[in-house]
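Reader: I have a structure to study for class. Could you please go through it with me?
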Amino acid sequence: MPAGIREAFQSFVAEMQDKHCPNTEELFACDPSSARTLVQAAQSLSEDHPPPSRSSTRTSLSELRRHAHTAMAASTAGQARGWRRIYTDSCVLLAYTDVLDHCDSRDNDRALSAVAHLDHAIVIAGAAGDGRLDLVLDLIEGIQSECLSTPSALRRDLSFVSPQEQTLKDLLRRLPTASQPVPRLDIPPSLASFISRLSRQPFVLPGFLRDWPALNEHPWRSLDYLRAVAGPGRVVPIEVGSDYRADNWSQNMMLWEEFLESLAAASSTPTEPRPVLYLAQHSLFKQFPALQGDVIIPDYVYSSLDPPENYPQYAPPGNEEQLVLNAWLGPGGTISPAHTDPFYNFYAQVVGHKTVWLAPPEVSSYMYPYPSTSLQASDASSKGGNAPRNPAANQESPSMSNTTQVDVFLSTTDDLDKSKARFPDFWEKVVPTAISVTLEPGDLLFFPPGWWHAMRSEDLSFSVSMWF
């Protein structure tokens with residue numbers, strides 16, 4: 001085993017065997033039986049037994065990871081932290097098992113499997129634990145470099161050509177569900193002006209991102225660059241389906257390489273029927289930190305804004321930076337239905353075109369939202385199970401599941417007539433106040449918390465949301 005990877009794994013094992021280490025104490029505090037399984041597996045792997053004897057260790061770790069995943073979903077936020085720790089350390093030890101197998105067999109599939117286990121630790125459990133995220137990222141880099149001969153420094157030094165953006169002249173047509181365009185500010189405001197005058201209404205800063213590396217020397221428009229920055233074996237969470245309200249919508253873990261290939265195919269033959277795959281609201285920078293170097297965070301997000309009058313419950317994100325960055329990458333036709341978020345948002349359009357619909361919090365009572373999870377259960381029983389399903393229902397953060405039943409991107413006369421008959425208050429009260437814009441590459445959109453917003457990708461689109 002390469003020295004750097006061996007040292008990292010051995011340090012991890014030594015920590016697990018120290019019951020006074022805070023990370024290990026946290027495991028035993030959550031579930032002593034699971035913690036003992038982890039410690040025993042770590043000890044067994046450190047003794048470097050022959051491959052056949054690793055089979056039982058792999059089986060016990062796989063079963064423990066499944067158990068931790070189930071327990072995470074069934075636990076309160078406080079309890080879930082311990083199970084996230086157990087899930088994370090199970091993934092690290094499963095990766096250790098695969099790397100040992102790779103070193104014995106030189107089978108690259110084992111190294112790729114190790115990388116996938118480590119990605120699961122990030123995506124599913126947030127690589128929970130003191131220093132765990134750095135450990136996981138270092139291990140991924142070490143495995144890609146030493147086992148798969150693809151060091152990140154070599155990948156980043158390659159030259160990438162950005163394909164020419166499509167020109168979509170007909171995208172500026174007005175949505176029938178919006179009465180006015182989003183205001184455009186051709187000159188970016190000062191920080192003082194933003195705080196005092198402009199932070200209560202949406203606006204667009206056209207071309208604000210023109211100096212981002214993501215639009216220049218590290219072009220996110222280039223799928224080759226996106227492959228290189230991640231390296232081999234990476235997996236990401238993908239939504240299957242163009243709209244999460246649909247009954248056939250699902251989520252799967254998928255190889256990053258396969259996802260990028262699907263985007264290339266969708267762009268080259270857009271009329272050919274295929275499943276719509278969408279990476280949505282994902283903390284991609286946590287998995288691929290190099291991508292964050294391609295982004296220049298605007299100073300506006302550090303302005304510590306007060307709650308707006310029409311959304312007094314606002315509070316900034318609870319993390320140390322009070323900032324949450326999410327990535328949105330998918331083909332044309334992907335839709336985020338109209339919903340509300342509890343944070344201020346700067347929404348950066350890096351690749352492609354995206355149409356955005358917005359309406360103020362004051363119209364919430366006319367938006368026909370799906371029922372809450374608790375109301376849905378009682379309504380379903382009283383209505384024979386026919387109450388509208390809330391696909392965004394979220395017990396942990398109910399304010400994040402406020403999604404409308406109204407489709408704001410209707411275009412045909414027949415669909416518009418049906419919508420007006422079914423949702424009359426929306427058309428009478430909401431449409432006169434709603435605004436819309438089609439973002440182009442380099443545009444930056446701002447909107448305050450509580451505003452209803454819906455998104456539709458018009459072509460291959462890569463966006464970054466900045467909640468603050």
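Author: Two strands pair if DSSP finds at least two bridges between them. Helices (H or I, at least four residues) and strands (E, at least two) are DSSP runs, numbered from the N terminus. This is a predicted model, in which local features need pLDDT of at least 70 and side-chain atom pairs count only at pLDDT 80 or more, while totals for chains, interfaces and linings use all residues. Residues are numbered from 1 along each chain as its sequence is written, and side-chain values use heavy atoms, with hydrogens and water left out.

Reader: How many bridges join strand 9 to strand 12?
Author: Six bridges join strand 9 (residues 354–359) to strand 12 (residues 452–457), and the two run antiparallel. One of the residues involved is Val356, whose bridge partner in strand 12 is Met455.

Reader: What is the order of the strands in the open sheet?
Author: The five strands of this open sheet come in the order 1-10-9-12-7, and their pairing is mixed. At the edges are strand 1 (180–181) and strand 7 (335–339), each of which pairs on one side only.

Reader: How many helices are in the protein chain?
Author: The protein chain has 16 helices, along with 13 strands.

Reader: Let us turn to helix 10. How many of its residues are buried?
Author: Buried means under 20% relative accessible area, exposed over 50%, and partly exposed in between (1.4 Å probe, protein chains only). Six of the eight residues of helix 10 (residues 223–230) are buried, including Leu223, Tyr225 and Leu226. After helix 10 comes Gly231, with a positive phi near 80 degrees.

Reader: And the salt bridges? What is the count?
Author: A salt bridge is a side-chain nitrogen of Lys or Arg within 4 Å of a carboxyl oxygen of Asp or Glu. By this rule there are 16 salt bridges.

Reader: Which side chain does Arg85 meet in a salt bridge?
Author: Arg85 meets Glu26, at 3.2 Å from N to O. The pair links distant parts of the chain, since Arg85 is in helix 5 (residues 77–105) and Glu26 is in helix 2 (residues 22–30), 59 residues apart. Arg85 is buried, at 0% relative accessibility, whereas Glu26 is partly exposed, at 22%.

Reader: What about Asp89?
Author: The side chain of Asp89 forms a salt bridge with that of Arg132 (2.8 Å, N to O). Asp89 lies in helix 5 and Arg132 in helix 7 (residues 132–147), so this pair ties together parts that are 43 residues apart in sequence. Both Asp89 and Arg132 are buried. Salt bridges with shared partners join Glu15, Glu26, Arg81, Arg85, Asp89 and Arg132 into one network.
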